[in-house]
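Here are my notes from a look through this one, as numbered points. Have the chain open next to you while you read.

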Amino acid sequence: MTSTADSAMVTTSTDDDGVVEVVVDRPPVNALPVAGWHRLAEAIAAAGADPATRVVVLRAQGRGFNAGVDIKEIQADPGHDKLIGANRGCFAAFAAVYDCPVPVIAAVQGFCLGGGIGLAGNADIVVASEDATFGLPEVDRGALGAATHLSRLVPAHRARAMLYTAATATAAELHRYGSVLAVVAAADLRATALTLARRIAAKDPTVIRAAKESLNGIDPWDVKRSYRYEQGFTFELNLSGVADRVRDGFGGPTGAGREG
């Protein structure tokens, strides 16, 4: 097995079966700064561009899959450069998952919030640990975004209720909807994802790449354009000062924020 570090936050490794693992590790809650989102996008794009890659497994270290954007980085910026960077970084990472020429399996443990929903929602397959929860706390952060991707995980009216209330859904609930393929013990999550990845990797790679392209081609809506539309409202809320007012009360035991 070979391993290369794209950064301290994102690492990639490839096994002999053509399965590439892209791993996010940014304590305490895997809330990524602007650079982290771009590095994640680059890692996934590089994996997909390699003709030897047959499947990508996207997973994370720590107690949660992803808590979205590091809001403190945005709050520390006197202008809007970090907000623009976060918008562009999330867009790039979500698009990299969707556009990856091979299937992407998201292995989700603990919390999957904000930008994490964008990653999981654009993945081809999601497997989750029993403790996994999914949600968009954006309205409590003065932001919007990733409803596009939440709507790929839960029914439309459930997505609306989750967005308006910032409520979360369990992995078991998403499994009932069919958007989470399997719910397993946390200790078994990586092995489950890799077993599934190797099952796909054993298929003819040309056929699998064609299958991925064909499935993207028949999607009922353009997820990239849809998400870009959502991002415009996040920017409006920031320019108007509403986001700052809402985020004034931001905090909590995690010490990091999230915004999709």
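1. A word on handedness before anything else: a crossing of two helices is called left-handed if the near helix is turned anticlockwise from the far one by less than a right angle, and right-handed if it is turned clockwise. Keep in mind too that this is a predicted model.

2. Let's start with H3 and H10, where that term comes in: the crossing of these two helices is right-handed. H10 covers residues 223–239, and its axis and that of H3 come within 11 Å, crossing at roughly 165°. Angles over 145 degrees count as roughly antiparallel, and H3 and H10 are therefore roughly antiparallel to each other.

3. Who touches whom there? On the H3 side, the contact is made by Leu83, Ile84, Asn87, Arg88, Cys90, Phe91, Phe94, Ala95, Tyr98 and Asp99. H10 brings Val223, Lys224, Tyr227, Arg228, Gln231, Thr234, Phe235 and Asn238. Sorted by class, that contact has 10 nonpolar, four polar and four charged residues.

4. Next, H1 (residues 34–49) against H3. These two pack at an angle of about 20°, and their axes are 8 Å apart. That angle makes H1 roughly parallel to H3, and the crossing is left-handed. From H1 come Val34, Trp37, His38, Leu40, Ala41, Ile44 and Ala45. They meet a run of H3 residues, among them Lys82, Gly85, Ala86, Arg88, Gly89 and Cys90. The class count for the H1 contact with H3 is 13 nonpolar, three polar and two charged.

5. H3 (residues 81–99) also packs on H4, at an angle of about 15° and with the axes 8 Å apart. So H3 is roughly parallel to H4, and the crossing of this pair is right-handed. Ala93, Phe94, Ala95, Val97 and Tyr98 of H3 meet Gly115, Gly118, Leu119 and Asn122 of H4. This contact has six nonpolar and three polar residues, with no charged ones. Phe94 is worth a click: it is listed in the contact with H4, in the one with H1 and in the one with H10.

6. Which elements supply at least two residues each to the lining of the largest pocket? Helix H4 (115–122), strand S7 (125–129) and helix H9 (205–217) each do. The pocket has a volume of about 320 Å³. Of its 19 lining residues, Gly121, Ala123, Asp124, Ile125 and Arg152 are the closest to the centre. By class, the lining divides into 10 nonpolar, five polar and four charged residues.

7. Two backbone spots I'd flag. Most residues other than glycine have a negative phi, and most peptide bonds are trans. Pro27 and Pro28, though, are joined by a cis peptide bond, with omega about 5°. Pro28 sits in the loop between strand S3 (19–24) and H1.

8. The other spot is Ala146, which is not a glycine but has a positive phi, near 75°. Look for Ala146 in the loop between strand S8 (133–135) and helix H5 (147–150).

Definitions and conventions:
Residues numbered from 1 in each chain as written. Predicted model: local features only at pLDDT ≥ 70, side-chain atom pairs only at ≥ 80, totals over all residues. Heavy atoms only, no water. 1 Å grid on protein atoms, 1.4 Å probe; cavity = no way out; pocket = protein on both sides within 12 Å on 5 of 7 lines; lining within 4 Å. Points joined across faces, edges and corners; volume = space filled by probe spheres on them. Helix = DSSP H or I, 4+ residues; strand = E, 2+ residues; numbered from the N terminus. Nonpolar A, V, L, I, M, F, W, Y, C, P; charged D, E, K, R; others polar. Axes fitted to C-alpha atoms, helices over the stretch in contact; angles between N-to-C directions. Parallel < 35°, antiparallel > 145°, perpendicular 65-115°, else oblique. Contact = heavy atoms within 4.5 Å.
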